[in-house]
Amino acid sequence: MPIISRGFKGRRRDDAPRDRVPPGQYVTDDFPVLSAGPTPHTPLDQWDFTIVGEVDERRRWTWDELRALPSETITVDISCVTKWTKLDTIWEGVPVDTLLEGVETSAEYLTAFCDGGYTTNLPLADVTDGQAWVAYGYDGEPLEPEHGGPARLLVPHLYFWKSAKWVRGLRLTATDEPGFWESNGYHNYGDPWKEQRYWGD
Amino acid sequence: MWPETDRVKTLALDVADWPGHRAGQHVDVRLTADDGYQAQRSYSIASAAGGPRVELTVERIDDGEVSPYLTEEAHTGDRFELRGPVGGYFVWDPDPHGAVFLVGGGSGVVPLMAMIRQRAANHDAVPTRLLYSARSWEDVIYRDELERSRNHGEGLEIVFTLTREQPPGWTGYSRRVDRELLSEVAPTELALTFLCGPTPFVEAVAESLVGLGHAPSRIKIERFGPTGG
């Protein structure tokens, strides 16, 4: 039984469709910023994206090469573990499926690695079949550095710490290796609909 | 519970089975309306670990959902649902191999205060400097305690900057934290920085510290978002 908070009414948003707002989340129109360290600024001529680890052959794209790949514009809802959900966010990016095309691997997991040293781990099955992108555009503009630009991973079906900012590549792994927040008290998988926020959820 | 400033209150909670915490960690507070509607937010713990008492310092966000309730409706004897402690990164390190720099903007001082209190409780000898940016002297949270701590020294130094309004005779800094101010205030032999505040504040401070040559990996950041409250 929850404790009833005497006199608490709350600020409900009747326009927020409940089937799109996971439990314990509230809808915001802002785009809050969360990160654990300074915002990196890697010059684009030194930027690349690589797929490494348990792969037949390392893959690498320069910024120009990545931008030359066919991109998609996607509209998705995103949920941050700090309780906000933002509906109908519009991104442009390359599907991870495109990047993994032709990659031979026995790996079942991956670690996304980033400028600044951030990492996050995901099952490979969660970034394939149209579920994840390397996004470089937001709302019709280049993705701003504080939101992860030049490019971030976009995995909208999981809490947003899995959508690693400043992403530089994917390391495919045979075993599941907890990333930065996953080693610091946050859930290993992070499904917002199951409220998998912290260890033990 | 007691007021810290016009907008900020501290709630002392008695949590019978509290497992203890590390300075810098937060808890989730969940409120439930009588029809079952729930809202939850994260708040930094302000107190040092020890015993069943957990203090939360909450700033009222005028258009917020949870903070106006906690600062204006709640009163002594009320019960809350807590989850935590949470977070294993932005936490006090008693042995960082050098000096620690705490940089707080507004209510971003709260988890840093937990570190100052934990440091004192542990008798940690880590040289520590707090740079605290507030709008005015009236907006300084924990003012009396910080003044007392400042006078007792023991390796703890406290520097204020008041960005909007200064009391008569103010001799401290009176501008936003910029690169020049940081170059004057950041400790030499700096091992670790804890930086907490609203996003524009932490972005500017972090960028300046990196520009001054501090390693990005040694700057730990916690942000107080502008939304929700």
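Visitor: Where should I start with chain B, and what share of its residues is buried?

Guide: Buried residues make up 45% of the 229 residues in chain B. Keep in mind that this is a predicted model.

Visitor: How do I read the overall form of the chain? What is its radius of gyration?

Guide: The idea is to compare the value with that of a compact globule. For 229 residues such a globule would have a radius of gyration near 17 Å, and chain B has 17 Å, which agrees. Along its principal axes, the C-alpha trace of chain B spans about 55 × 35 × 30 Å.

Visitor: And the secondary structure: how many helices and strands does chain B have?

Guide: Chain B comes to five helices and eleven strands. Among contacts in chain B with a separation of 6 or more, 73% are accounted for by residues 24 or more positions apart.

Visitor: Which domains does chain B have?

Guide: The domain assignment gives domain 1 (2-86) and domain 2 (99-223). The C-alpha centres of these two domains of chain B lie 23 Å apart. In chain B, 15 residues of domain 1 are in contact with 14 residues of domain 2. On the domain 1 side of that contact there are six nonpolar, six polar and three charged residues.

Visitor: How do I read a nonpolar core, and which residues have the most contacts inside the largest one?

Guide: Look for buried nonpolar residues joined to one another. The largest core here has 61 residues, and those with the most contacts inside it include B:Leu56, B:Leu102, B:Met115 and B:Val205. Helix α2 (residues 109-122) of chain B gives the largest share of this core, seven residues.

Visitor: Why does this core lie between the two domains of chain B?

Guide: Because domain 1 (2-86) and domain 2 (99-223) of chain B both give residues to it. Another core, of 39 residues, lies apart from it, with A:Trp133 and A:Leu170 among its members. To see one residue's surroundings, pick B:Met115: beyond four places away in sequence, it touches B:Ala23, B:Gly24, B:Trp92, B:Leu102 and B:Phe194.

Visitor: Finally, the interface. How many residues does each chain give to the contact?

Guide: In general, the size of an interface is often given as the accessible area lost when the parts come together. Here we count residues instead: 36 from chain B and 33 from chain A. Elements of chain B that give two or more residues to its side include β3 (26-32), α1 (67-73) and α5 (199-211). By class, that side has 14 nonpolar, eleven polar and eleven charged residues.

Conventions
Residues are numbered from 1 along each chain as its sequence is written. Chains are lettered from A and ligands numbered from 1 in the order in which they are written. This is a predicted model: local features need pLDDT of at least 70, side-chain atom pairs count only at pLDDT 80 or more; totals for chains, interfaces and linings use all residues. Domain bounds come from an automatic or database domain assignment. Two residues are in contact if their C-beta atoms, placed from the backbone, lie within 7 Å. Ala, Val, Leu, Ile, Met, Phe, Trp, Tyr, Cys and Pro count as nonpolar, Asp, Glu, Lys and Arg as charged, and the others, Gly among them, as polar. Helices (H or I, at least four residues) and strands (E, at least two) are DSSP runs, numbered from the N terminus. A nonpolar core is a set of buried Ala, Val, Leu, Ile, Met, Phe, Trp, Tyr and Cys residues joined through C-beta atoms within 7 Å. A residue is buried if 20 or more other C-beta atoms lie within 10 Å of its own, exposed if 12 or fewer, and partly exposed in between; C-beta atoms are placed from the backbone. The radius of gyration is taken over C-alpha atoms; the globule rule is 2.2 Å times the number of residues to the power 0.38.
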